[in-house]
Amino acid sequence: MRALAVARRELRGALDQPLAYVLVGAFAALSAAFFFVLAPFFAEARTTLRPFFEFAPFALTLFAPALAMRTLAEEARGGGLDLLLSWPLDPGVVVAGKFLGAWGVLGLALLCTAGLPITVSALGPLDWGPVLAGYLGLFLYGGACLAIGVFASAMSSHQVVAFIGGFTACFALYLAGRAQVVLPAGLASIAHAIGFEARVTGFARGVVDTGDVAFFVAVMVGALGLAREAVDARRWR
Amino acid sequence: MAMRAAARRRGWLAAALWVALGVLAAMAGARHGVRLDLTADGRHGIAPETRALIDAIDDPVEALAFVPSDAPPPFDRVVRALQDLLEDYARASGGKLRVTVRADGGADASPADRHALRAEALGLGLKPVDLQAWEADRRIVRRAYLGVVLLHGDHRVVVPGGERPEDLPHAMTRGLRDVLDGRHRPLVGVAHGHGEPALVDSPVAALLRTGADLEAVEIGVDPLPARLDALLIVAPRRPFDARACYVIDQFVMQGRAVVMLLDTVERAPSFPDVLVPVGTGLEPLLGGYGVRVSPDRLALDRAHAGPAVVGRDPAGRTLTVDHPLHLVTGVLADHPVTRGLRRLVMPLAAPIDAREAAARGATVTPLVRGESTAVARRGLRRFDPRAARDPVPADEESGPIDLAVAIEGRLTSAFADRTIPGDSLPGARTVASVPARLVIAGSGARFLAAQADALLFLQNAVDWAVDDASLSGLRGRSAEDPPLAPVSARGRAAIKVANIAAPLVLCAVVGLWRRRRRRARDR
């Protein structure tokens, strides 16, 4: 409950800043531009959202760390985090609240792309199952990237450093699956197991695999756990 | 100081615990996972046809899955889909389908292990595939084994992995059925020697091989091999002579099937805007069966124009326009050949008239028919879309325009009342011994290149030709998504602008509204 109170405060705070609107608008507009202009949607002339679900994970790799960079880094820089930690709150509650607030903004960003399925369904019979599964996949994938971004934000009091750290980690995990072809067999199987891209493509096909859901949840748990420890360590500095 | 060190140690321990918790959660999810298929037609779940077969397993079936350990794209998707599929089937069978996975260990496998696996795979009849990968900054080709060998009693069936995960349910179900029934794998002859595309060596062959073995055959003086179940003729560019037509005719008279995808025109290589006629030489043969593939008319539809490549821009990207000669067809018959397909683009298609065959007693099913707005245009020799844009009533005929048909029946020989070119073949017949099957389409090479669904059409046609269409509905599950309704250029531009601008405007409006509200509250 306390985490939700922090999340509400975080979400409200984010929506009071122009950055959230810029990021959400840019993400939705870029997704639409990719879908209708760069991907040959009208040339292919098929009622599918698959090009969007192939592009969006890459966009989220950039967007989620940008959204997460201010969560803890800004608070730490402004002294707000120390104030927050002086309250009788577990650092995990602060981290979870910050994460949930940012996840809410990410959800709004995905909601802003709802024009795509609505448009496609107006042009032909759209199968809504893969669309819903695809959005669930993006929400979980975005959550995993966001959690990594929150961890990066907990590690630094500079937003730019937090963004670069979060983006690098997310991008590496995004590409890990592709890198398996250039890695030795031992590392290739690890790269395949931790690669984000292969996990999210199943959702776009309309298949929700609980293994993939558990993977993204596990990344969130692991990254947020590490972020909690990083915040907790501040108490002792 | 000591407290700080202890806290730091505790922090490291807690961090390690968090990571371990994450790894355990992921492992538990992967091990005890379930897959939910949210597609409307349940295309990623177990099909009813497959479930019926699995339920019919009496004695256990052994499935030996050969998979490369570090397969590069696109094979990595096939490997994962194959393992998921086998896992699903094994679970549904309640232990009657026993799956054993033979992973090759990748590039790090020892030579002895590699040799043992190769010997086992080859001994069971699984052919190798070449995987392209990177090693020490060089592109290398690694030979691997990807597929499943099904064993049931004395029966053995090999199911190649292929390159597309969506083909696996059909291939596996078919393999399961064949191993349970002890069926032999059909053999399809692919005609070559008349300028046809080299189909046997193409990616199309990999798809066709999921259901049948292929063998290139040159049609000349001698009869076609008796081991062939069907013959495939795709886009010949040089005419078959009368003797070759007689050889094909006698193949049909034995009750065998022929699938023909024929082009009557092609774009001149040096002048792509000029259409030049293609003589297949098959006209007298087909005419003998009561079928006419119009040599001088092309189907066009100004209201349902499909995409056609017209050139390249300076950056090398292909430029497409909606071209009336690449018509999007409307009506597809409910037939095994078209099962699961909704619409097809038929480029430079010749209308087919099979009314005479029907009058002679054959069962004729129009498979692909133009929309009501389609017309047959005579004497069009320019590909330029402007040449087809304006109606020329004197040269155009409306009415049902059939572009592909299926014919079944005890056909009479096309040479029944004609002189046989050369010697009569041994056991020559004038009436088919058993009902023969023909699939004829008035568009060939460009039809196959225009869309992935054309390959499904071809696969289904081959299945039907070898009397094996009971599972073609499974192929339809992998058909492309339905086509869009036609949208004008202005409509497309409006959709693009609206979708790109709307989120920006929405964010700006909401942001400004919240800002004003906040300021008002602060005041």
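Q: What share of the contacts in chain B with a separation of 6 or more comes from residues 24 or more positions apart?
A: Two residues are in contact if their C-beta atoms, placed from the backbone, lie within 7 Å. In chain B, residues 24 or more positions apart account for 75% of the contacts with a separation of 6 or more; in chain A the corresponding share is 80%. This is a predicted model, in which local features need pLDDT of at least 70 and side-chain atom pairs count only at pLDDT 80 or more, while totals for chains, interfaces and linings use all residues. Residues are numbered from 1 along each chain as its sequence is written, and chains are lettered from A and ligands numbered from 1 in the order in which they are written.

Q: How many helices and strands does each chain have?
A: Helices (H or I, at least four residues) and strands (E, at least two) are DSSP runs, numbered from the N terminus. Chain B has 14 helices and 25 strands, whereas chain A has twelve helices and one strand. The order along chain A is α-α-α-α-α-α-α-α-α-α-α-β-α.

Q: Is helix H12 of chain A largely enclosed or largely open, and why?
A: Helix H12(A) is largely enclosed by the rest of the structure, because 20 of its 25 residues are buried. Its residues are 210-234, and the span from first C-alpha to last is 36 Å, close to the 36 Å expected at 1.5 Å a residue. That expected span is 1.5 Å times one less than the number of residues.

Q: Which residues is Leu53(B) in contact with, leaving aside its neighbours within four places in sequence?
A: Leu53(B) contacts Thr173(B), Leu176(B), Arg177(B) and Leu180(B) once those neighbours are left aside. Leu53(B) belongs to helix H2 (residues 48-55) of chain B and is buried, with 25 other C-beta atoms within 10 Å. Although Leu53(B) and Thr173(B) are 120 residues apart along the chain, 7.7 Å separates their C-alpha atoms.

Q: In what order do the four strands of the open sheet in chain B stand?
A: Strands of a sheet pair through backbone hydrogen bonds, either parallel or antiparallel. Here two strands pair if DSSP finds at least two bridges between them. The order is S3-S2-S6-S7 (chain B), with mixed pairing. Strands S3 (97-103) and S7 (155-160) of chain B are at the edges with a single partner strand each, so one side of each has no neighbour in the sheet. From one strand to the next the twist averages 15 degrees. Strand S6 (residues 147-152) of chain B pairs with S7(B) in the antiparallel sense over six bridges, and Gly147(B) has Pro160(B) as its bridge partner in S7(B).

Q: At what angle does helix H3 of chain B run to strand S2(B)?
A: Axes are lines fitted to C-alpha atoms, for helices over the stretch in contact, and angles run from 0 to 180 degrees between N-to-C directions. Helix H3 (residues 75-93) lies across S2 (61-67) and S3 of chain B, at about 165 degrees to S2(B).

Q: How many residues of strand S24 of chain B are buried?
A: Six of the eight residues of S24(B), residues 402-409, are buried, and the strand is mostly covered. Strand S21 (residues 363-369) of chain B runs antiparallel to S24(B), joined by six bridges; Val364(B) has Ile407(B) as its bridge partner in S24(B). S24(B) also pairs in the antiparallel sense with strand S25 (residues 436-441) of chain B, over six bridges.

Q: How many residues does each chain give to the contact between chains A and B?
A: Chain B gives 56 residues and chain A gives 59. On the chain B side, H1(B) contributes the most, with 16 residues.

Notes
A residue is buried if 20 or more other C-beta atoms lie within 10 Å of its own, exposed if 12 or fewer, and partly exposed in between; C-beta atoms are placed from the backbone.
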